[in-house]
Amino acid sequence: MRSAGASSGTAGTPFLGWRALGIALFLAYPATAHFARPATAVALLATLVAYIAASILIRHPARWLVPPLAAGVVLFVAPQADWLLYLPPIAINLTLCWLFGRTLVHGRVPLIARFALMEQGTLTEELAAYTRRLTWLWTLLFAGAALASLLLALSGNRDAWSLFTNLVNYLLVAALFLGEFAYRRLRYRNYRHQSPLRLLRNVRKTNLFER
């Protein structure tokens with residue numbers, strides 16, 4: 001039994017290390033994109049994309065080689081591809097807009113309602129209406145962020161674009177998430193409310209691409 005437990009722990013170590021690498025890359029990207037040279041930011045972007053691809057497609061330990069190789073290739077082949085930095089904020093916000101907005105079609109369960117069902121079990125009429133409005137609000141936030149990212153990219157003002165995409169965009173998302181939680185605790189105080197951390201865990205458990 002002890003050897004089996006030790007074997008299981010040893011097997012889990014590379015997975016935890018791989019996950020830690022992903023978290024570090026994601027946390028480092030906004031600051032790198034804002035403060036570092038464009039070539040460095042593009043290399044980190046390539047590392048991130050390679051990490052995501054390797055996480056999905058490769059289970060062999062050799063996947064550890066993929067992110068640094070991608071960074072090296074980009075630095076060597078396309079060191080001046082600064083325009084690539086403008087794509088992720090637009091693509092990510094549009095994807096999130098689509099994930100929320102598609103669930104507002106008649107006959108589908110709004111995405112926020114799915115999270116609420118995990119918390120409440122069933123939804124009253126007022127909660128169902130609230131979750132639909134909140135899903136609309138998230139949809140509009142991501143649509144507005146994508147549009148702002150595009151317009152700032154086209155404006156040629158890289159400082160303003162970088163400030164918005166690498167700081168303000170994240171602050172808006174955090175403000176809506178935490179502000180809505182505080183509002184909901186006051187407005188619907190008679191209902192059960194889970195912590196923000198638990199809500200994030202519910203998001204992870206949800207199949208966001210389910211119709």
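**A tour of charged side chains**

Begin by selecting R19, R198, R201, R204 and K205, which together form a positive surface patch (a patch takes residues with over 30% relative accessible area and no salt bridge, like charges being joined within 9 Å; Lys and Arg count as positive). This is a predicted model, in which local features need pLDDT of at least 70 and side-chain atom pairs count only at pLDDT 80 or more, while totals for chains, interfaces and linings use all residues. Residues are numbered from 1 along each chain as its sequence is written, and side-chain values use heavy atoms, with hydrogens and water left out.

Next, colour helix α8, residues 196–205, which supplies the largest share of the positive patch, four residues (helices are DSSP runs of H or I with at least four residues, numbered from the N terminus). Within helix α8 lies R204, and R204 is exposed, with a relative accessible area of 68% (exposed means over 50%, buried under 20%, and partly exposed in between, with a 1.4 Å probe and protein chains only).

Now move to the two salt bridges that the structure holds (a side-chain nitrogen of Lys or Arg within 4 Å of a carboxyl oxygen of Asp or Glu). Select E119 and R184, whose side chains meet in a salt bridge at 3.9 Å, N to O; this pair links distant parts of the chain, with E119 in helix α5 (residues 111–120) and R184 in helix α7 (residues 158–187), 65 residues apart. E119 is buried at 7% relative accessible area, and R184 likewise counts as buried at 9%.

Because E180 and R184 are four residues apart in helix α7, about one helical turn separates them, and both are buried. With E119, E180 and R184 shown together, you have a network of salt bridges on screen.

Notes: Patches are made of residues with over 30% relative accessible area and no salt bridge: like charges are joined within 9 Å, nonpolar side chains (Val, Leu, Ile, Met, Phe, Trp, Tyr) within 5 Å. Accessible areas come from the Shrake-Rupley method with a 1.4 Å probe; for residues, only the protein chains shown count as cover. The place of a charge is taken as NZ of Lys, CZ of Arg, CG of Asp or CD of Glu. Helices (H or I, at least four residues) and strands (E, at least two) are DSSP runs, numbered from the N terminus.
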